[in-house]
Amino acid sequence: MAREKGFTLIEMMVVLSIVGILAMLAIPGYRSHIAQAQQTRAAACLVETAAAIHRQALADESRSDWTLPRPAGGCIEGLSEVYAFAIAATAESASESTWGVRLSMAEPWQIRAWRRDGMAASSNRLCRGLIYRHDGLRRVVPADGEAPAPIGEARRCWQ
């Protein structure tokens, strides 16, 4: 009697179990890598925006009537679903900014990027938001407010 070719139900269930376990282990790591990549893109976008503001400041010393520059490459639009971006004086609360509008710019200013969902971008709880100041200082926004400077683990938020 010839044996029929094919897979038994138990063999199929074992394979599906193994695939399910692998997916259970891989999906959180994948999401973490995506969040880390978005955070790195947001940090680069802040630096690009600050460079554009500094270039505009060199070209127009009056700083009375600027058009808020858009960074090259559309990084703000590319991250707008995950991150909110704002520019404001350091004493003001930062709400989302409209890029390409005319405004009066004076120092000190800061550019902020924060996750719309309020969660940290990685297992590091200090990486909820990023701040780039007019003088080049980079700061982070942890769950309990602005950190004085990105030292130790917070420094990794900008890398």
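Start with the whole surface. The protein exposes about 10200 Å², and carbon and sulfur atoms supply 59% of that area. Accessible areas come from the Shrake-Rupley method with a 1.4 Å probe, and for residues only the protein chains shown count as cover.

This is a predicted model, where local features need pLDDT of at least 70, side-chain atom pairs count only at pLDDT 80 or more, and totals for chains, interfaces and linings use all residues. Residues are numbered from 1 along each chain as its sequence is written, and side-chain values use heavy atoms, leaving out hydrogens and water.

**Switch to cartoon view.** You have 2 helices and 6 strands. Both kinds are DSSP runs numbered from the N terminus: helices are H or I with at least four residues, strands are E with at least two. From the N terminus, the order is α-β-α-β-β-β-β-β. Of the 159 residues, 33% count as buried. Buried means under 20% relative accessible area, exposed means over 50%, and partly exposed lies in between (1.4 Å probe, protein chains only).

**Select residues 109–115.** This is strand S4. Because 6 of its 7 residues are buried, S4 is largely enclosed by the rest of the structure.

Strands pair if DSSP finds at least two bridges between them. Find Ala113: its bridge partner in S5 is Leu130.

Strand S6 runs antiparallel to S5, joined by 4 bridges. Here Ile131 has Arg139 as its bridge partner. S5 and S6 form a hairpin with 4 residues between them. Click Gly136 in the turn: its phi is positive, about 90°.

**Show Arg133 and Asp135.** What joins their side chains? A salt bridge, at 2.6 Å from N to O. The rule asks for a side-chain nitrogen of Lys or Arg within 4 Å of a carboxyl oxygen of Asp or Glu. By this rule the count is 1. Arg133 counts as buried at 19% relative accessibility, while Asp135 is partly exposed at 42%.

**Now go inside.** The largest nonpolar core has 22 residues. Such a core is a set of buried Ala, Val, Leu, Ile, Met, Phe, Trp, Tyr and Cys residues joined through side-chain atoms within 4.5 Å. H1 (9–59) gives the most to this core, with 6 residues.

**Finish at Ala42.** Ala42 is among the residues with the most contacts inside the core. Ala42 touches Leu79, Tyr83, Phe85, Ala113 and Leu130, not counting residues up to four places away in sequence. Contact means heavy atoms within 4.5 Å.
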